[in-house]
Amino acid sequence: MGSRLHLAAALHATGEEAFTARHWAGLVREAEHGTLDFVTFGDSLDGRQGLDAVLTAARIAPLTTHVGLVPTAVVTHTEPFHVSKAIATLDYVSKGRAGVQLAVAPDPADARHFGRRSVGPEAELWEEAADYAEVLRRLWDSWEDDAEIRDEATGRFIDREKLHYIDFEGRWFKVRGPSITPRPPQGHPLIAATEPVGDVVFSDEVSASGRLVFRDVDVSTPVDQLVAWHSEGFAGFRVHGDLEQITRELVPELRGRGLFRSEYEHTTLRGHLGLARPANQFA
């Protein structure tokens, strides 16, 4: 028996299906039936029609109990304060199963949707995204875990000594904080990207970054190939394709080889992935 690998599914919907909560709920429930670690919800600014990924994940969260929910947030034209609050809210709604996939928008046509700024080269946008991820983590830490008092007798809701300004100042952002949302259940919801800026990186190459590396694969990819890649150091795979083929064919074969869970052993996304709850950097 080898070491267990992790599985995620990239959810896609087209046409009218993309606009119905029932369809998305069915997909996520199927992923949970297969005990997948998490699902990702795509989003972009390139003119393709679809629902907002973060709001869709929040709508689906109460309908599921274990599978992780990782919507995409395009960070080039959005403020980290708003995204930190939205993902913290998702973590509360899902009881500790939230994550976010950071994406950049290098196309000048995307910038014209907003009209606020021009964009530089993609490499520079990923440098900005790295700062963005750091601001997210600091804002989530701006409340200590026991900052809420909720003492009706004294009328005190917050211990102000346990609320912190983050005072972040970088090339792209100057954020004082603190957040207006208490620290999320996971401490830090999962941060993922196609570049090494968070906990998980989606990449075709194993790096020594200390992050969990997930390789994007198609559902017809042979299991022997997945096993070989896993032995090379890939923590897991994000599978694209027919979801039932993933949950009802791929998953049973991996279970038969002792490489995938038969039931959930944790209740949080970080727990599924073997990631500890981070200590608060301000505590």
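Helix α5 (residues 122-141) has 20 residues and, at 1.5 Å a residue, should span 28 Å; the 29 Å between its end C-alpha atoms agrees with that. The expected span is 1.5 Å times one less than the number of residues, while helices (H or I, at least four residues) and strands (E, at least two) are DSSP runs numbered from the N terminus.

This is a predicted model, where local features need pLDDT of at least 70, side-chain atom pairs count only at pLDDT 80 or more, and totals for chains, interfaces and linings use all residues. Residues are numbered from 1 along each chain as its sequence is written, and side-chain values use heavy atoms, with hydrogens and water left out.

Among the buried residues of α5 are L125, W126, Y132 and W140; buried means under 20% relative accessible area (1.4 Å probe, protein chains only). Their cover includes α3, β4 (99-103) and β9 (190-193).

Over in helix α1 (residues 21-33) you will find E30. E30 is buried too, with a relative accessible area of 11%. Beyond its neighbours within four places in sequence, E30 is in contact (heavy atoms within 4.5 Å) with L243, E244, T247 and R248.

Now for the second largest pocket, which holds about 220 Å³ of space. Of its 13 lining residues, D52, A73, V74, T78 and V83 are the closest to its centre. The elements giving two or more residues to this lining are β3 (68-74) and α3 (80-93). The lining divides as follows.

| Class in the lining | Residues |
|---|---|
| nonpolar | 6 residues |
| polar | 4 residues |

Technical notes. Buried means under 20% relative accessible area, exposed over 50%, partly exposed in between (1.4 Å probe, protein chains only). On a 1 Å grid over the protein atoms alone, a cavity is a set of points where a 1.4 Å probe fits but cannot get out, and a pocket is an open set with protein on both sides within 12 Å along at least five of seven lines; lining residues have an atom within 4 Å of a point. Grid points are joined across faces, edges and corners, and a volume is the space filled by probe spheres set on the points. Ala, Val, Leu, Ile, Met, Phe, Trp, Tyr, Cys and Pro count as nonpolar, Asp, Glu, Lys and Arg as charged, and the others, Gly among them, as polar.
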